[in-house]
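Please look first at the place where the two chains meet, and then at one chain by itself.

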Amino acid sequence: MSNRLDALCSWLAATPVSHTITSVAWIIPTVQTMHILAVAAVITAALVVNLRFLGVGARELAMGSVTRRYLPWLWWSLPVLFVTGLTLIVGEPARVLKSPVFLLKMGLLIAAASVTLVCQIPLQREADFWSLKKWRRRAVWFLATASLSLWTAIIFAGRWIAYVQGD
Amino acid sequence: MLQMFLQFLHDSAIATAIREGESLFPWIECIHVLALTLVIGSIAIVDLRLIGLTSRDRSVTQTTALALPVTWTAFVVAALTGGLLFSSNATVYAHNSFFQLKVALIALAGLNMVAYHLVLGRGAAGWHTPAQTPWRARLAGGLSLGLWIAIAVCGRWIGFTISTPT
């Protein structure tokens with residue numbers, strides 16, 4: 001496993017694309033900035049939607065209306081994050097792929113996206129689905145808390161990749 | 001005078017702890033990144049509404065009521081954590097061009113906000129649906145969006161022009 005990962009990293013690092021990404025000084029900072037701006041869209045959309053679920057903000061709007069308004073920003077940012085993230089991986093494969101925090105970040109991403117979907121899907125049929133019954137109000141409170149924690153943890157993990165390097 | 005102040009910051013107990021600690025700097029950076037993404041994201045909600053690209057079915061004041069509490073809370077957190085990161089290496093950051101530019105751009109964004117409240121946004125309470133906002137609102141929104149993106153660019157470049165992990 002470790003050997004294969006080593007081989008993949010060396011192969012990627014030897015490609016002309018990787019060489020270009022690392023040798024042109026502005027590429028990595030620019031791509032990282034684009035990545036952060038897309039993260040801004042994701043975390044802001046997640047915050048607004050989850051604050052509505054928690055009953056803190058935007059109470060004049062139905063939950064379904066808030067998710068319809070803001071979650072497309074979250075979902076459409078993911079392809080941007082994928083492309084910019086992949087560029088950073090191709091540029092410095094060992095820095096990212098060998099960092100245990102990167103794996104953690106990907107796991108958290110799957111969890112956060114799943115929780116967000118679980119919240120969103122019922123609202124597409126019924127805009128106040130989560131407020132109709134007591135168990136649903138409770139459930140959405142837990143889902144919203146989990147979602148905010150997970151998206152925050154993803155940002156933290158992203159920053160920690162720079163510090164926790166594999167051998 | 002400035003040099004003395006920077007040295008004083010640099011030598012303070014908290015700055016020393018951040019500089020010499022193993023993980024204090026990255027943790028403060030994490031909170032800084034979280035806060036700044038929320039500042040930019042929530043300001044973008046307002047800017048895009050002012051420009052007339054999103055939330056056209058809601059009034060400008062409804063949109064600002066939703067977004068600005070997030071902006072202000074996050075801005076305070078970003079400024080505090082930014083100050084802590086700065087203090088850990090005050091003299092070096094103070095001489096970094098991207099840091100200087102970033103501070104100047106934040107000041108400009110602040111001026112733009114003041115101009116919006118005093119002049120450009122006059123009559124905002126009446127900007128309901130459907131949404132052709134006046135040119136001065138579109139100007140303030142466009143300037144703000146551009147400035148905050150430039151601030152993010154400068155912020156990232158500070159890390160590449162100073163020898164810390166990127």
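Across the interface of chain B and chain A, five residue pairs are in polar contact, both residues being at pLDDT 80 or more; a polar contact is a pair of N or O atoms within 3.5 Å, where within protein one must be able to donate a hydrogen and the other to accept it, and residues adjacent in sequence count only if both atoms are side-chain atoms. On the side of chain B that touches chain A, the elements giving two or more residues are helix H3 (24-51), helix H4 (60-87) and helix H7 (135-161) of chain B. Helices here are DSSP runs of H or I with at least four residues, and strands are runs of E with at least two, numbered from the N terminus. H3(B) supplies the largest share of that side, 16 residues.

This is a predicted model, in which local features need pLDDT of at least 70 and side-chain atom pairs count only at pLDDT 80 or more, while totals for chains, interfaces and linings use all residues. Residues are numbered from 1 along each chain as its sequence is written, chains are lettered from A and ligands numbered from 1 in the order in which they are written, and side-chain values use heavy atoms, with hydrogens and water left out.

How many salt bridges are there between chain B and chain A? The count is three, a salt bridge being a side-chain nitrogen of Lys or Arg within 4 Å of a carboxyl oxygen of Asp or Glu. A:Glu60 and B:Arg58 form a salt bridge through their side chains, at 2.9 Å from N to O.

Let us turn to chain A. Its secondary structure consists of seven helices and zero strands.
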